[in-house]
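Here are my notes for someone opening this model for the first time. Please keep the structure in view while reading.

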Amino acid sequence: METYWRWEQDPVVLVGYGRQQPESLEARTEGMTHQIRGDNIRFTVYDLTGEAPVPAGIATLLPDSAVRTAEYVVMLAPEARGKGLGAATTRLVLDYGFHITNLRMIWLKVLAPNTAAVHAYEKAGFRTVGRLRQAGYWLGQVCDEVIMDALAVEFAGPSVIVPLES
């Protein structure tokens, strides 16, 4: 929990989420406990480039089972950024969401000035479908949120999910 909390207090993450203030470890622990009890699907991202796997972030699907869709949220540790982990993680989560969880659409919101994240999402298979005008803040300035989605029918793969052999 403390590792996740440390990542979330990074100024780049605070700006990326459009938050103006950090959160206490106690408040985040309470929030995480509530989230873990929910129906979300949570993954720990590992950096496998070193001698041993190192936790490098988290990725979450927040499903709406009634309509077979989910919101996607990802956060990478400061030391994990710029290595291609964001796009790779997003692609794996889309693969899991479409081929294991049987979702038909996965969506996300990202602050418009966060062009690195937008490019990583596009590389993984998301498309821009709209904007929420003046819905967020980036470095103290009002900005739009970009809405992106990925559809199972458009997910080209290749999938890392392989069928069991009979």
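This is a predicted model: local features need pLDDT of at least 70, side-chain atom pairs count only at pLDDT 80 or more; totals for chains, interfaces and linings use all residues.

1. Ile161 sits in the segment after β6. Its relative accessible area is 33%, so Ile161 counts as partly exposed; buried would need a value under 20%, and exposed one over 50%.

2. Ile161 also belongs to a nonpolar patch on the surface.

3. Now turn to the inside. Which residues touch the most other members of the largest nonpolar core? They are Leu61, Tyr72, Ile106, Val110, Tyr121, Phe126 and Met148, out of 28 residues in that core. Several elements each supply at least two residues of this core: the strands β1 (41–47), β2 (54–64), β3 (69–76), β4 (105–111) and β6 (141–151), plus the helices α4 (85–99) and α5 (115–124).

4. Leaving out residues up to four places away in sequence, Leu61 touches Asn40, Ile41, Ala70, Glu71, Tyr72, Val93, Gly97, Leu103 and Ile106. Two of these, Tyr72 and Ile106, are on the list of core residues that touch the most other members.

5. Arg104 is placed in the loop between α4 and β4. What does Arg104 contact beyond its neighbours within four places in sequence? The contacts are Val67, Arg68, Thr69, Phe98, Ala150, Leu151 and Ala152. Leu151 is 47 residues away along the chain, yet the two C-alpha atoms are separated by 5.8 Å. With Val67 there is a polar approach: a polar atom of the Arg104 side chain lies 2.9 Å from the backbone oxygen of Val67.

6. Thr69 is another contact of Arg104, and Thr69 is found in strand β3. Is Thr69 buried or exposed? Thr69 counts as buried because its relative accessibility is 8%, and the limit for buried is under 20%. Not counting residues up to four places away in sequence, Thr69 touches Leu62, Pro63, Asp64, Leu103, Arg104 and Met105.

7. Finally, check two backbone angles. Most residues other than glycine have a negative phi. Asn102 has a positive phi of about 60°. Asn102 lies in the loop between α4 and β4, and its relative accessible area of 53% makes it exposed. Leu139 has a positive phi too, near 50°. Leu139 is in the loop between β5 (127–138) and β6. At 64% relative accessibility, Leu139 is likewise exposed.

How values were computed:
Residues are numbered from 1 along each chain as its sequence is written. Side-chain values use heavy atoms; hydrogens and water are left out. A nonpolar core is a set of buried Ala, Val, Leu, Ile, Met, Phe, Trp, Tyr and Cys residues joined through side-chain atoms within 4.5 Å. Buried means under 20% relative accessible area, exposed over 50%, partly exposed in between (1.4 Å probe, protein chains only). Helices (H or I, at least four residues) and strands (E, at least two) are DSSP runs, numbered from the N terminus. Contact means heavy atoms within 4.5 Å. A polar contact is a pair of N or O atoms within 3.5 Å; within protein, one must be able to donate a hydrogen and the other to accept it, and residues adjacent in sequence count only if both atoms are side-chain atoms. Patches are made of residues with over 30% relative accessible area and no salt bridge: like charges are joined within 9 Å, nonpolar side chains (Val, Leu, Ile, Met, Phe, Trp, Tyr) within 5 Å. Accessible areas come from the Shrake-Rupley method with a 1.4 Å probe; for residues, only the protein chains shown count as cover. A salt bridge is a side-chain nitrogen of Lys or Arg within 4 Å of a carboxyl oxygen of Asp or Glu.
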